[in-house]
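Please keep the sequence and the coordinates at hand while reading.

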Amino acid sequence: MQAWRVHENGEPGEVMRLEEIDRPVPGAGQVLLRVRAANINFPDALLCRGQYQIRPPLPFTPGVEICGETEDGRRVIANPALPHGGLAEYVVADEVALLPAPEALDDAEAAALHIGYQTGVFGLHRRAHLQEGETLLVHAAAGGVGSAAVQLGKAAGARVIGVVGGLEKAAVARELGCDLVIDRRADDIVAAVKEATGGRGADVIFDPVGGDAYAKSAKCVAFEGRIVIVGFASGSVPAPALNHALVKNYSIVGLHWGLYAQKDPASIVRCHEQLTRLAADGAIKPLISERVPLKDAAAAVQRVADGTTTGRVVVTMDGAAR
């Protein structure tokens, strides 16, 4: 089969190689899946760079999220077992963790549903307890995780403010349903949020960016607001001033969604059932900006790493050799 492999750490476009290798062999409790589509996530870039919290042995195949097909023909969503990641024609995955792909979504959309939307649900509802009528501020609102948070916030009845970088991404955020879009390159984020909320600030802030985005969040979070720390796509990990959180009475909450697979796996299944219902109702639909063939996967991972993409970039296996 064909698979992209990383033999040394570095930038995805430089270190990923498309190779012909043997199909992976399932271990105990695992199944072999034919990949139908593989969603590219920012952690794939971090894996290539050797900066992710999980460091599979070299060589490895990136790709942490797929829509695949079992040997008996079931269409499923899975997180491949590294080092045999999803940017390949076949993967192995833990059988107990397989989830049915929603009928309302095609393969690319199903591949992009799991990590981003589960992160959104757990972050907004389990960690921040977002309520109907509250104001939700989403950084990187046109990105993969951010676009999911926007849709989920609207589905929950929140007023959603999206922060983006550039006119193209601003247009995408508006199409996603943001009530207000702030271009961080042209607008004063703090002033715009305070003006839009009558000086109150945002009740919940969803931050997958870190760095300056967090600094701005702390200045425009409401009384008893909640800042959800999801990731650090900016490459800068902020150092919160805890005295500021005390004086302004807001909460800083972290979300490492992957921990739920270890600590509370049943919650992931319940969340998937909720997401399947929302997809069937048309309340959510992953924003797929690009569908690329397997041969172009390395360049696609690099674009995600560089932050130049909107929504999700998904590798599709149409026409790939079996």
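## Strand β8 and its partners

Strand β8 (residues 135-139) is joined by 5 bridges to strand β9 (residues 159-164), and the two run parallel; strands here are DSSP E runs of at least two residues, helices are H or I runs of at least four, and both are numbered from the N terminus, while two strands pair if DSSP finds at least two bridges between them. The model is a predicted one, in which local features need pLDDT of at least 70 and side-chain atom pairs count only at pLDDT 80 or more, whereas totals for chains, interfaces and linings use all residues. Residues are numbered from 1 along each chain as its sequence is written, and side-chain values use heavy atoms, with hydrogens and water left out.

Within β9, G162 is the bridge partner of V138. Between β8 and β9 the chain passes through helix α5 (residues 144-155), and this β-α-β crossover is right-handed, meaning that, with the strands pointing away from the viewer, the path from the first strand over the helix to the second runs clockwise. Strand β8 is also joined by 3 bridges to strand β11 (residues 202-207), again in a parallel arrangement, and there I205 is the bridge partner of L137.

In a regular strand the side chains alternate between the two faces of the sheet. In β8, T135, L137 and H139 point one way and L136 and V138 the other, and all are buried (under 20% relative accessible area, with exposed meaning over 50% and partly exposed in between, for a 1.4 Å probe and protein chains only).

## Helix α12

Helix α12 (residues 297-306) is mostly covered, since 7 of its 10 residues are buried, namely A297, A298, A300, V301, Q302, V304 and A305. The cover over these buried residues includes β1 (2-6), α2 (42-49) and β14 (288-293), where contact means heavy atoms within 4.5 Å. After α12 comes G307, with a positive phi near 75 degrees.

## Backbone exceptions

Most residues other than glycine have a negative phi, and most peptide bonds are trans. The peptide bond from L58 to P59 is cis, with omega near -10 degrees, and the one from L82 to P83 is cis too, with omega near 20 degrees.

A140, in the loop between β8 and α5, has a positive phi of about 55 degrees although it is not a glycine, and A140 is partly exposed, with a relative accessible area of 32%. E224, found in strand β12 (residues 221-229), likewise has a positive phi, of about 60 degrees.
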